[in-house]
Protein chains: 2
Amino acid sequence: MKPVAAPLDRSARTGFSTNSLDRMSEKRDDEALIEQFKHDPAARCVIIAGDLPILCRSAENLSALHAMANAAQFGTIHEVAFLGIDAAGPVFAVQLDGQVADTQQGRDDISVIDLRTIAVQGLVEAEAVGILGQAKSLMYWHQRHRFCSNCGAPTRVAAAGWRRECDHCKGLHFPRTDPVAIMLAVDGNRCLLGRQARFPQNMYSALAGFIEPGETVEDAGRREIREEAGIGVGRVAYLATQPWPFPASLMIGCLAQSLSSELDVDRTELEDARWFTIDECRMILSNTHPQQILCPPTMAIAHHLIRAWAIEGVNP
Amino acid sequence: MKPVAAPLDRSARTGFSTNSLDRMSEKRDDEALIEQFKHDPAARCVIIAGDLPILCRSAENLSALHAMANAAQFGTIHEVAFLGIDAAGPVFAVQLDGQVADTQQGRDDISVIDLRTIAVQGLVEAEAVGILGQAKSLMYWHQRHRFCSNCGAPTRVAAAGWRRECDHCKGLHFPRTDPVAIMLAVDGNRCLLGRQARFPQNMYSALAGFIEPGETVEDAGRREIREEAGIGVGRVAYLATQPWPFPASLMIGCLAQSLSSELDVDRTELEDARWFTIDECRMILSNTHPQQILCPPTMAIAHHLIRAWAIEGVNP
C-alpha cells in the first residue's frame, strides 16, 4: 500500500517534506531482496558527492534521479542506502567522495548544486527535493559514524544503510535526527524575529534551538526565547514540522504567546532581534518592506510560521 | 528570569516534563562559573549508578537530590554535568559506575530504584522526576560516546557536560535526542491500540516509531501505522510531547484519522493490534475493562492520547 497523500498537513507545505517513497523499513534486513532491488533495471538513485547532490541535466530540465547502473561512472562509491520504492521501482542513495564534485563539474550532462539552492529555487520537483533531503541527512550520518562511539572500533553498514554495527562491542547505531523547536513569539499585533550574523543581509526569522534531553517542545522553545531575547512565553501552539537536512534536523514549528515585551538580546547568539507589526510582516512576505527586510523563503518552516500568523490569522 | 509555568500545556501533564531548572545554556562554557557552582555549599546533584538513580531515604520520604559534596562517598565519579539552577542553587548530574548500585544497595539512607518505577509510582515529586529524566538521558549519551564516531579517538567532556570534543579530528559531539511519533489512530468511535510482546500482560498502547531522516512527524506516524497495522491515515492532530528517558527520546503525540479499518498486523513488531470502542477505552482508563485490558500509566503520553480522545472529546 502506498502512503496516503496529505494535503491537510501544514507540514506538507514545507520544503523536504514531500516524499511518497514506501520506505519498506521492515524489509531492510532482507539482504536478498535489497540485492535484487539494486540490480533491478528500474532501480534509480540520488547521488551525493561530499555534501553536494549531482543532478542529471538535459536540454529540458534537471532531475535528481539517475539510473542505478550509472552511479559508479562518477567515482568510487562509499556508501549505498535503500530509500524506498515508488511506482517506477526502487530508489537508493549513493554517497561518493567530495572530490567527485570537482572532477565532474565540467560535464554538460550533470549539475552539481548544493541542496539549499535546489530547494529554494525549486530546481527539481518537490518529490525529488524530499528524496534528496532524506538521502543527504542519512549519508551525512554515515560519514560521521564510521567508528563506534561506544568503543572506538570501526563500524560496518547494515540494514540496507539504516544501521551501523560494531563487531568489537556489538553496539548498534541508528541514524540521528535532531529535534529543533522553532517558535514565533507573538505579542498582540507584533511578532518577534531575530537574525544571526551568518544570515543573508536584512533577513530575519523565527527563533530556534535544539531540544535538549528532558525538555518538551514547548519548554525548549520557551527557553530559547528567554535565553536569546529575554522574553517570557506562555501558551504554545504547534503548527507543523519540517525535515531539515542541514545536516539532519527535525524542525518543530510553533506559535507562542509572549508574556513580556522588553527585549534583552543575547548578542553572542543573535545579531539582532526585534518586534515586527503584522503589517510589516505582510510587507516582508510580499517583499515590499520599506527597509527591504526579508524572511526565509517558502521552502522554510519559518516562512510558514510568519504566514500562518500574519496572513491566515492563526494565533497561539 | 525563571522559566514560566505552563499549566496550559498538555505536554506538562506527562511524566518527566516538569522541570523548572534554568539550564543557563549560554554559561556552560564559563568554566570558572561552573567550578564555582560545583563548590557552592548549596549545590545539589542527582546520582545515576549505571542506569539506576540513587535516592536519599529518610523516615518521611524519598528525595532525588543529594548534597553535591556527598556524591563522592558512593564511589568513583565517571561524569559530572551541570543541569541548571533553581531558587535553592545549582543542580548537577553525577554518573557513577553501575556496580555502585549493588555495593550500596544495603544502606538504609538510600534507595536504588529504576527510573520507570520512580515515575510510575510517583516516589519523588514531579519536579525531581523531570530532573532525573534530564540527567539519565544525558548520562546515557556520555556513556555511549566516550569515542569519536568520526575517527575513533577518545573524546573528552566539555561545556559543563553538554558537549564532547575530539582532540584528534576536532569533531564536536552533542547530546542526542531521538524524536518518536506516537499516534492514536481513530476510526469513528473506535481507536487502534497494539501491544508488543515485551509489554506487561494485557497492556495495549498507541503505536509508535522513530522519526527517520527526511520525515515529518505526520508522515512518520502514518508510515508506522501502515507498516505495523496495515491502516491508512489521513488527518493528523498534534497533542503533546514528552521527554522519554529510556534512553533518550522525545515522544511527539498525535491523534490520527484512519482511512481504513481492515487490520493487517505485522506480527514481528506487534503481538497484537485491535480496535477498541470509546466505551472500552473509558473502562481501560478506569481499570474496569471486563478482560482486564490495561493502558500505560498516567505518566506516559500514550495514556494522555487515549484520555484526550475517549474522555475529553479531542478528535484528529
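Guide: Chain A contains seven helices and 16 strands. With a radius of gyration of 21 Å, close to the 20 Å that the globule rule gives for 316 residues, chain A is as compact as a globular protein of that length. This is a predicted model, and the values below are computed from it. Along the principal axes, the C-alpha atoms of chain A fill a box of roughly 60 × 50 × 40 Å. Buried residues make up 58% of the 316 in chain A. Among the contacts in chain A with a separation of 6 or more, 64% join residues 24 or more positions apart.

Chain B can be superposed on chain A by a rotation of 180° with 0.0 Å of shift along the axis, at an RMSD of 0.0 Å. The two copies are thus related as by a two-fold rotation axis. Both copies use the same surface, since 100% of the contact residues of chain B recur in chain A.

At 2% relative accessibility, Phe16(B) is buried. In one of them, the ring centres of Phe16(B) and Trp244(B) lie 5.9 Å apart with their planes at 85°, so the arrangement is edge-to-face. Phe16(B) belongs to the segment before α1 (31–38) and Trp244(B) to strand β14 (residues 233–244) of chain B, so the pair ties together parts that are 228 residues apart in sequence. Trp244(B) is likewise buried, since its relative accessible area of 16% falls under the 20% cut-off. In chain A, Phe16(A) and Trp244(A) form one aromatic cluster together with Phe246(A).

Charged groups also meet aromatic faces in chain B. Arg116(B) lies over the face of Phe246(B), at 4.3 Å from the ring centre. Arg28(B) is placed over the face of Trp162(B), where the distance to the ring centre is 3.9 Å.

Asn19(B) is located in the segment before α1 of chain B, and its relative accessible area of 13% makes it buried. Leaving out residues up to four places away in sequence, Asn19(B) touches Glu127(B), Gly130(B), Ile131(B) and Gln134(B). With Gln134(B) there is also a polar contact, in which the side chains of Asn19(B) and Gln134(B) approach to 2.8 Å. In the other copy, Asp22(A) lies in the segment before α1 (31–38) of chain A. Asp22(A) is buried, with a relative accessible area of 13%, and its side chain reaches the backbone nitrogen of Met24(A) at 3.0 Å.

For a view of another part of the chain, one may turn to Ile293(A), in the loop between α6 (278–285) and α7 (301–310) of chain A. Although it is in a loop, Ile293(A) counts as buried at 3% relative accessibility. Beyond its neighbours within four places in sequence, Ile293(A) is in contact with Asn202(A), Tyr204(A), Arg274(A), Phe276(A) and Ile284(A). From Leu96(A), by contrast, Ile293(A) is separated by 197 residues in sequence and by 39 Å in space, C-alpha to C-alpha.

Terms used
Residues numbered from 1 in each chain as written. Chains lettered and ligands numbered in written order. Predicted model: local features only at pLDDT ≥ 70, side-chain atom pairs only at ≥ 80, totals over all residues. Heavy atoms only, no water. Helix = DSSP H or I, 4+ residues; strand = E, 2+ residues; numbered from the N terminus. Buried < 20%, exposed > 50% of the residue type's maximum accessible area, 1.4 Å probe, protein only. Contact = heavy atoms within 4.5 Å. Least-squares fit on C-alpha atoms with pLDDT ≥ 70 in both. Phe/Tyr/Trp six-rings, centres within 6.5 Å; stacked < 30°, edge-to-face > 60°. Lys NZ or Arg CZ within 6 Å of the ring centre and 35° of its normal. Polar contact = N/O pair within 3.5 Å; in protein donor to acceptor, adjacent residues only side chain to side chain. Rg over C-alpha atoms; globule rule 2.2 N^0.38 Å.
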